[in-house]
Amino acid sequence: MLNSNGAAPPTPLLEIDGVSLDFGGVRALSNVHFNVYSGTIQAIIGPNGAGKTSLLNCISGLYRPQHGAIRFEGRNIVGMAPHHIARLGIARSFQNIELFRHMTVLDNLMLGRHIHMRSGVLSGGVYWGRAQREEIAHREIVEQVIDLLEIQSIRKKVVGALPYGLQKRVELGRALAMSPRLLLLDEPMAGMNSEEKEDMARFILDVNEEWGATIVLIEHDMGVVMDISDCVAVLEFGLLLANGSPDEVRSDPKVIDAYLGREHAVRQEW
Ligand SMILES: Nc1ncnc2c1ncn2[C@@H]1O[C@H](COP(=O)(O)OP(=O)(O)OP(=O)(O)O)[C@@H](O)[C@H]1O
């Protein structure tokens with residue numbers, strides 16, 4: 001099919017195609033459809049309990065929807081194990097930080113590389129040179145992540161001793177260390193002060209622009225969402241209310257009625 005310019009429309013990197021998810025009697029997602037295009041920042045917004053995290057869990061393989069398909073680069077990933085999905089190039093961060101708190105920042109980032117490590121203990125012992133070369137290559141990528149996120153000074157610090165805002169930055173770093181093509185971020189700015197939020201927004205834009213990662217982001221701060229996103233999907237009670245540019249979503253009467261008018265327009269954040 002050709003678009004109005006006569007060109008073929010871009011192929012989506014991720015297709016959410018009629019996804020429904022039930023927990024017993026609770027319908028968390030109901031026939032949700034939208035596409036995420038390569039190189040974009042796609043936000044998912046909606047009130048508490050709208051199904052945002054459930055959708056991220058379906059994409060990363062933690063939940064298995066009863067209906068629908070989720071295609072990454074054209075391949076249906078529903079039913080695949082989370083580590084398999086991660087290996088395809090999808091990384092995520094969690095709402096509550098999930099790092100190894102007793103380990104250093106560097107070790108946590110190196111763990112992010114483990115899905116790409118080929119030398120196991122045995123083969124690494126037999127082919128020592130290969131394992132060493134592999135280790136050096138992984139370290140180089142981790143060093144790039146450290147530079148990008150400006151965390152050089154805390155590289156040897158134990159994660160559990162760091163302030164919350166820095167822990168969130170390290171969590172982003174661990175996901176980035178996986179060299180993902182698609183990065184799923186669940187409330188990366190939750191609990192941050194405005195300066196920390198500004199830093200995080202800048203890092204997310206850098207990851208998108210300099211590293212070329214496509215980003216799906218759940219975020220409650222409407223100012224940030226409207227500033228950095230190319231596209232915003234709005235969920236309510238598991239239904240997709242709207243999906244479009246920040247301007248389209250901002251002026252959509254359904255959205256204003258159901259969500260923004262009630263919770264955010266009042267605060268005149270945008
Ligand atoms: N593991 C689970 N077992 C049972 N119900 C669940 C489970 N996970 C989510 N739900 C339910 O699914 C619905 C959607 O929850 P979800 O956490 O996806 O919403 P959300 O939009 O991410 O909310 P929040 O903004 O509060 O994080 C809610 O009614 C929730 O109680």
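Predicted model: local features only at pLDDT ≥ 70, side-chain atom pairs only at ≥ 80, totals over all residues.
Q: How many residues does the protein have, and what share of them is buried?
A: The protein has 270 residues, and buried residues make up 37% of them. As for how the chain contacts itself, among contacts between residues at least 6 apart in sequence, 66% join residues at least 24 apart.

Q: Into which domains is the protein divided?
A: There is domain 1, which takes in 12-89 + 180-270, and domain 2, which takes in 99-179. To the contact between them, domain 1 gives 13 residues and domain 2 gives 12 residues. On the side of domain 1 that touches domain 2, the elements that give two or more residues are helix H2 (82-88) and helix H7 (194-210), and H7 gives the most, with 5 residues. By class, this side of domain 1 has 8 nonpolar, 2 polar and 3 charged residues.

Q: Which residues touch the most other members of the largest nonpolar core?
A: The general idea is that in soluble globular proteins, nonpolar side chains tend to be buried together. Here the largest nonpolar core has 68 residues, of which Leu183 and Ile215 touch the most other members. Both domain 1 and domain 2 give residues to this core, so the core lies between them.

Q: What is isoleucine 215 in contact with, leaving aside its neighbours within four places in sequence?
A: With those neighbours set aside, isoleucine 215 is in contact with Ile41, Gln42, Leu183, Leu185, Ile204, Val207 and Asn208.

Q: Which residues of helix H3 are buried?
A: The general idea is that an α-helix has 3.6 residues a turn, so residues three or four places apart point the same way. In helix H3, which covers residues 105-112, the buried residues are Val105, Asn108, Leu109 and Gly112. These residues cover an arc of only 95° around the axis, which puts them on the same side of H3.

Q: Which residues surround the ligand?
A: The ligand is surrounded by Phe23, Val26, Ala28, Gly46, Asn48, Gly49, Ala50, Gly51, Lys52, Thr53 and Ser54. The elements that give two or more residues to this shell are strand E2 (26-37) and helix H1 (52-60), and H1 gives the most, with 3 residues.

Q: How do the residues of the shell around the ligand divide into nonpolar, polar and charged?
A: The shell around the ligand has 4 nonpolar residues, 6 polar residues and 1 charged residue.

Key:
Residues numbered from 1 in each chain as written. Near = placed C-beta within 6 Å. Helix = DSSP H or I, 4+ residues; strand = E, 2+ residues; numbered from the N terminus. Nonpolar A, V, L, I, M, F, W, Y, C, P; charged D, E, K, R; others polar. Core = buried A, V, L, I, M, F, W, Y, C linked by C-beta atoms within 7 Å. Buried ≥ 20, exposed ≤ 12 C-beta atoms within 10 Å, placed from the backbone. Domains from an automatic or database assignment. Contact = placed C-beta atoms within 7 Å. Arc of directions from axis to C-beta.
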